[in-house]
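Subject: Handing over a structure

Hello,

Here is the structure I promised to pass on to you. Have a look at it first, and then read on for my notes on what turned up.

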Amino acid sequence: MSAGGIRGTFARRSVGQGSGRVFLSTFEKQLDGKRRIVVPQDFRTAVAGPFDGVMCFPSFEADCLEGGGQALFNRYETLIESLPFGDELRSALEVSVRGGLTRMAFDTAGRITLPETICDQFGLNDWVTVVGLGERFQIWDRDAFRAWREEKRLFARTGLPAYHAQQRAAKSA
């Protein structure tokens with residue numbers, strides 16, 4: 001990965017739930033003085049819709065920003081609407097997704113501007129990492145992401161063999 005460059009791979013989803021393009025890979029970019037980063041053209045195309053930009057909110061799983069297009073927002077809306085009104089989980093999701101949502105429009109150069117409050121909340125001051133996770137992506141402080149990625153990699157190294165062992169045991173029973 002080049003120091004200031006962007007690397008991203010986009011593929012058409014062929015298996016699993018959903019359809020359309022997904023965001024894959026990781027790129028690093030330095031925020032400019034106005035807190036802007038360039039979004040790859042393929043990703044901008046993948047999220048094209050009534051709103052020309054991306055929707056982001058604080059992630060549930062880590063100290064980062066989660067984002068995507070209308071399809072991601074629709075998935076969360078379906079989840080929220082499946083829960084009974086007044087349910088504690090529904091309320092938490094409503095506050096987090098609906099209340100935490102920031103729409104970031106693309107400018108003519110394909111950049112989004114990260115709000116100052118979000119930059120402060122997640123320590124996004126200089127270098128950021130954008131990591132594609134299929135139908136969603138996350139924006140991290142570069143150093144925080146490196147540590148988190150290593151933690152997840154170590155978990156996968158132990159978790160995958162344990163999962164396979166569990167599957168073999170279930171087949172034997």
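**What was found**

Let me start with Ser59, which is buried at a relative accessible area of 11% (buried means under 20% relative accessible area, exposed over 50%, and partly exposed in between, using a 1.4 Å probe and protein chains only). Before going further, please note that this is a predicted model, in which local features need pLDDT of at least 70 and side-chain atom pairs count only at pLDDT 80 or more, while totals for chains, interfaces and linings use all residues. Residues are numbered from 1 along each chain as its sequence is written, and side-chain values use heavy atoms, with hydrogens and water left out.

Back to Ser59: you will find this residue in the loop that runs between β5 (53-58) and β6 (65-68). Helices (H or I, at least four residues) and strands (E, at least two) are DSSP runs, numbered from the N terminus. A polar atom of the Ser59 side chain lies 3.1 Å from the backbone nitrogen of Glu61. If neighbours within four places in sequence are left aside, Ser59 is in contact with Cys64, Leu65, Glu66 and Gln138 (contact means heavy atoms within 4.5 Å).

Another buried residue is Thr129, at 1% relative accessibility. Thr129 sits in strand β9, residues 127-132. Again leaving aside neighbours within four places in sequence, its contacts are Thr26, Phe27, Glu28, Gln138, Ile139, Trp140, Arg142 and Phe145.

For the overall picture, the protein chain has 5 helices and 10 strands. Of its 173 residues, 36% are buried. Taking the contacts between residues at least 6 apart in sequence, 58% join residues that are at least 24 apart.

Now to a pair of helices. Two packed helices are described by the angle between their axes and the distance between the axes. Helix α2 (residues 70-82) packs with helix α3 (residues 88-98) at an angle of about 155°, and the axes are 9 Å apart. Here the axes are lines fitted to C-alpha atoms, for helices over the stretch in contact, and angles run from 0 to 180 degrees between N-to-C directions. The two helices, α2 and α3, are therefore roughly antiparallel to each other (angles over 145 degrees count as roughly antiparallel, under 35 as roughly parallel, 65 to 115 as roughly perpendicular and the rest as oblique). On the α2 side, the contact is made by Phe73, Tyr76, Glu77, Leu79, Ile80 and Glu81, and on the α3 side by Arg90, Leu93, Glu94, Val97 and Arg98. By type, the residues of this contact divide into 6 nonpolar, no polar and 5 charged. In this scheme Ala, Val, Leu, Ile, Met, Phe, Trp, Tyr, Cys and Pro count as nonpolar, Asp, Glu, Lys and Arg as charged, and the others, Gly among them, as polar.

Ser91 also belongs to helix α3, and at 31% relative accessibility Ser91 is partly exposed. Its C-alpha atom is separated by 8.4 Å from that of Ile80, 11 residues apart along the chain. Gly99 lies in the loop between α3 and β7 (102-105) and is exposed, at 62% relative accessibility. The C-alpha atoms of Gly99 and Phe57 are 8.5 Å from each other, although these residues are 42 apart along the chain.

Finally, which residues other than glycine have a positive phi? One is Ser25, with phi near 90°, and another is Arg35, with phi near 65°. Most residues other than glycine have a negative phi. Ser25 is in the loop between β2 (21-24) and β3 (26-30), whereas Arg35 is in the loop between β3 and β4 (36-38). Ser25 is partly exposed, with a relative accessible area of 32%, and Arg35 is partly exposed at 26%.

Best wishes

Note on methods:
A polar contact is a pair of N or O atoms within 3.5 Å; within protein, one must be able to donate a hydrogen and the other to accept it, and residues adjacent in sequence count only if both atoms are side-chain atoms.
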